[in-house]
Amino acid sequence: MLNRKNKLRTYTLSAGTKLKYEKNPLRDKVKKLLSALIVLGLVYYFLAGNRGLIRLVQMKTEKHRLMKEVAKIEEDNGRSIEAIRSLKYDLRSIERIAREDLGLVKKGEVVFRFVNINPETGREK
């Protein structure tokens with residue numbers, strides 16, 4: 001029961017005891033403010049905290065980027081393994097590299113070398 005003149009609330013307990021409680025508007029405001037701060041803190045924690053929703057999205061994006069990078073590196077690794085295998089066991093690839101990179105020729109072969117000449121200066125480019 002509320003006595004409006006002196007802002008007292010009276011509660012009757014089961015044993016017949018009456019309990020009087022004074023309504024304090026400042027206390028109510030503080031309770032509301034604390035409740036709001038707790039709710040805002042929880043919202044911040046679940047959205048922007050270290051384990052929040054935003055961090056989860058960032059981590060998933062990073063995971064996908066890293067998975068693509070790993071796939072690319074594995075592909076490059078496979079090509080390197082194949083190149084190593086061909087250099088160890090394939091004589092044609094060894095000969096090709098010797099001709100292209102080192103400029104080696106077989107006995108009896110004739111090498112033609114074409115030189116670009118700058119028409120203005122008359123020298124090689």
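1. Buried means under 20% relative accessible area, exposed over 50%, and partly exposed in between (1.4 Å probe, protein chains only). By that scale R96, with a relative accessible area of 42%, is partly exposed, whereas E100 counts as exposed at 54%.

2. This is a predicted model, in which local features need pLDDT of at least 70 and side-chain atom pairs count only at pLDDT 80 or more, while totals for chains, interfaces and linings use all residues. Residues are numbered from 1 along each chain as its sequence is written, and side-chain values use heavy atoms, with hydrogens and water left out.

3. Confidence is given as pLDDT, the predictor's own score for each residue, from 0 to 100. The protein averages 83, and 84% of the residues score at least 70. Among its elements, helix 2 has the highest mean pLDDT (94) and strand 1 (residues 2-3) the lowest (46). Where pLDDT is low, the predicted coordinates should not be read in detail. Helices (H or I, at least four residues) and strands (E, at least two) are DSSP runs, numbered from the N terminus.

4. The structure holds 10 salt bridges, each defined as a side-chain nitrogen of Lys or Arg within 4 Å of a carboxyl oxygen of Asp or Glu. One of them joins R96 and E100, at 3.5 Å from N to O. Both residues lie in helix 3 (residues 91-100), 4 residues apart, or about one turn of the helix. In another part of the protein, salt bridges that share partners link K72, E75, D76 and R79 into one network.

5. R79 is partly exposed, with a relative accessible area of 48%.

6. Helix 2 also holds the R85 and E82 salt bridge, at 2.5 Å from N to O. Here the spacing is 3 residues, so about one helical turn lies between them. R85 is partly exposed at 41%, and E82 is partly exposed at 41%.

7. V39, V43, L47, L53, I54, L56 and V57 make a nonpolar surface patch of about 600 Å². Such patches take residues with over 30% relative accessible area and no salt bridge, joining nonpolar side chains (Val, Leu, Ile, Met, Phe, Trp, Tyr) within 5 Å and like charges within 9 Å. Accessible areas come from the Shrake-Rupley method with a 1.4 Å probe; for residues, only the protein chains shown count as cover.

8. Helix 1 (25-48) and helix 2 (53-89) each supply at least two residues of this patch, and helix 2 gives the largest share, 4 residues. V43 sits in helix 1 and is partly exposed, at 42% relative accessibility.
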